[in-house]
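User: I want to go through the labels on this model one at a time. Please set each value against its cut-off.

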Amino acid sequence: MNDHVRDLASVRDATDRLLTAVATLDNAAVTQPSRLPGWSRGHVLAHLARNADALLNVLEGRPMYASGEARDADIERDAPRPLETQLADLRDSAARFQEAGSVPADWSRTVELRNGVTDSAARVPFRRWIEIELHRVDLGIGYELEDLPEDFVQREVAFLTDRFAGHPGVPSTRVTDGTRAWSTGRDSGGGTEITVTGPAPALLGWLAGRRDGAALLVDGGPLPVLPPL
């Protein structure tokens, strides 16, 4: 069961922490490269603001983005803005998303995201939480995967293993942090299964394409190459 009220509170708290961290930067730091290839920190901040509005669109029954080209153009347009403008946009777009989340609605309804992906409305706040937490890591300003809230890490590992479950390009894989285990990839049909073991943040880094998996233990074959998110 997805608790959208709890997740909206987590989104609000994560956003407040993000704003506090970003406020320590200056205009020059915003123009410097992020950890995402080809993106400055300004690109990441612009994406976070536009993603809040995009998920508001989802909750209100509109297309998430007008088009992929429009999404990319908006990020490029907003990336060079000074820090003060970035912060104001992040704050205002986050407030719009929270306001939309507070409106009484059928949270069990199915909504459509990008590229024909559908999900329950109740999971949209968690998707926003993912954006905030992972992209704060991407900024490269002292926040690492190991700093992520433990409950978030566990849920995101489960979310990503479920995303790759049944994918024909991913071998049958058991993912475990030594306490919990998740299955992903195609059905082994009773054949060989690869086991990937490591701390939950390291597993998340590999699953989310933020780390190469070198710190993980792999048994039964090479570390699977995962599709891009």
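User: What makes Asn115 count as buried or exposed?

Analyst: Its relative accessible area is 73%. Exposed means over 50%, buried under 20%, and partly exposed in between, with a 1.4 Å probe and protein chains only. Asn115 is therefore exposed. This is a predicted model, in which local features need pLDDT of at least 70, side-chain atom pairs count only at pLDDT 80 or more, and totals for chains, interfaces and linings use all residues. Residues are numbered from 1 along each chain as its sequence is written, and side-chain values use heavy atoms, with hydrogens and water left out.

User: Where is Asn115, and what is its phi?

Analyst: Asn115 is in the loop between strand E1 (110–112) and strand E2 (118–120). Strands (E, at least two residues) and helices (H or I, at least four) are DSSP runs, numbered from the N terminus. Phi of Asn115 is near 55°, a positive value in a residue other than glycine. Most residues other than glycine have a negative phi.

User: Why is Arg71 called buried?

Analyst: Arg71 has 14% relative accessibility, so it counts as buried. Arg71 lies in helix H4 (residues 68–78).

User: What does Arg71 touch, leaving out residues up to four places away in sequence?

Analyst: Trp39, His47, Tyr65 and Arg114. Contact means heavy atoms within 4.5 Å.

User: What joins the side chains of Arg71 and Asp72?

Analyst: A polar contact of 2.8 Å. The term covers a pair of N or O atoms within 3.5 Å; within protein, one must be able to donate a hydrogen and the other to accept it, and residues adjacent in sequence count only if both atoms are side-chain atoms. This pair joins side chains.

User: How do you know that the buried residues of H4 line one face?

Analyst: In H4, Arg71, Ile75 and Asp78 are buried. Seen down the axis, the buried residues fall within an arc of 80°, so they line one face of the helix. The arc is that of the directions from the helix axis to the C-beta atoms. On the other side of H4, Glu69 and Arg77 are exposed. The buried residues pack against helix H3 (41–59) and helix H5 (83–101).

User: What is the hand of the crossing of H7 and H8?

Analyst: Left-handed. Helix H7 (residues 150–164) and helix H8 (residues 200–207) pack at an angle of about 35°, with their axes 9 Å apart. Among the residues that meet are Phe152 and Leu160 in H7 and Leu204 in H8.

User: What makes Thr20 and Gly189 buried or exposed?

Analyst: Thr20 has a relative accessible area of 56%, so it is exposed. Gly189 has 68%, so it is exposed. Thr20 is in helix H1 (residues 4–22). Gly189 is in the loop between strand E4 (181–184) and strand E5 (194–197).

Methods:
Axes fitted to C-alpha atoms, helices over the stretch in contact; angles between N-to-C directions. Left-handed = near helix turned anticlockwise from the far one by under 90°.
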